[in-house]
Amino acid sequence: MRAIQLSSEGLCLRRGAPRPEPGQGEALIRLLRAGVCSTDLELVKGYMGFEGVLGHEFVGSVEEAEDDSWVGRRVVGTINLGCRRCAVCLGSGPEHCPQRSVLGIYRRDGAFADYLTLPLANLLPVPDGVSDAQAVFTEPLAAALRLRQQLRISPTDRLAVVGPGRLGLLIAQVLALSGGNVTVLGRRAESLELAAGWGFDTGLAADAESDRYDLVVEATGNAAGLETSLRLVRPLGTLALKSTFAAAPAVDLTKIVVAEINVVGSRCGPFAPALRLLERRHVEVDALVAAEYELEEGLEAMAHAARPGVLKVLLRP
Ligand SMILES: [Zn+2]
Ligand SMILES: [Zn+2]
């Protein structure tokens, strides 16, 4: 099969990669669509030191499973695989299991390939009304929803999302469901057009008023965004960090202490509510698709996704 593989030599399209063998309790899944995420681009730069098949945002069709009822079903899959035995797994779930692997990110081959495997326990059927291209957004939308699990957001809060990219625009929509007033901030006016068209308040991050927002979500995908975001949050307010990147930012943390800022790190979120939002059309994702490439052109797809201002790039076999 074909696979987009990251190794110490860099990124390559491997044509003769072996088809993965599903382990006990696992399904063999044929890829239908995958999405390129900023995390994939950071992995290429050395984030997590990952080597293997990239890709963690996907929708596929189950080809083989011990339980026949799954075969032929269209599925998405959660990306963390825990040991299922430790106190963390039994308590909060696999996301923080010390033994975990993460699909296409850490110690487990991912979805930029004709086939992938995942435990049945990680899979969720995709409702008929959700297209393949829409279903690819389940994972990042779940990551956006994670903020709603972690933070109490009042409808009167002033909310800002810094970084109007593929994840930031999902976060803005999810925060807006709270009824709160969401401002989307970016570095370039062109990058704000989509958010403005959806009715969000928008502005250039450099011009935004300091100490104004009750909650600022950093979703820029770069180290500079952290400094901007910290500047905008009000004393006693909350700064939520959604970006993962390879670079180590040098940021003055004084304000966190003096203004008593609550800092929240936020990663993976719940899939079932994300699928509900997609099915009920409460979140717009079609407009976020910038391009679709065949798996054969995976390297071009990655290069396209890395260009500034490009939203979601999809891959299909
Ligand atoms: Zn992602
Ligand atoms: Zn565990």
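Analyst: Two strands are taken to pair if DSSP finds at least two bridges between them, and the model examined here under that criterion is a predicted one. Strand β11, residues 158-162, and strand β14, residues 213-218, pair in the parallel sense over four bridges, and within this pairing L159 stands opposite L215 of β14. Helix α7, residues 223-232, packs on the sheet, where it touches β11, β14 and β15 (233-241), and its direction makes about 170 degrees with that of β14.

The sheet to which these strands belong is open and has six strands in the order β13-β12-β11-β14-β15-β16, with parallel pairing. Its edge strands are β13 (201-204) and β16 (262-265), each of which pairs on one side only, and the twist from one strand to the next averages 20 degrees.

Turning to the helix, α9 spans residues 271-279, and its buried residues are F271, A274, L275, L277 and L278. These residues lie on the same side of α9 because they cover an arc of only 160 degrees around the axis. The partners against which the buried residues of α9 pack are the strands β6 (74-77) and β10 (123-125), together with the helices α3 (132-135) and α4 (138-150). After α9 comes R281, whose phi is positive, near 60 degrees.

Technical notes. Residues numbered from 1 in each chain as written. Chains lettered and ligands numbered in written order. Predicted model: local features only at pLDDT ≥ 70, side-chain atom pairs only at ≥ 80, totals over all residues. Buried ≥ 20, exposed ≤ 12 C-beta atoms within 10 Å, placed from the backbone. Helix = DSSP H or I, 4+ residues; strand = E, 2+ residues; numbered from the N terminus. Arc of directions from axis to C-beta. Contact = placed C-beta atoms within 7 Å. Axes fitted to C-alpha atoms, helices over the stretch in contact; angles between N-to-C directions.
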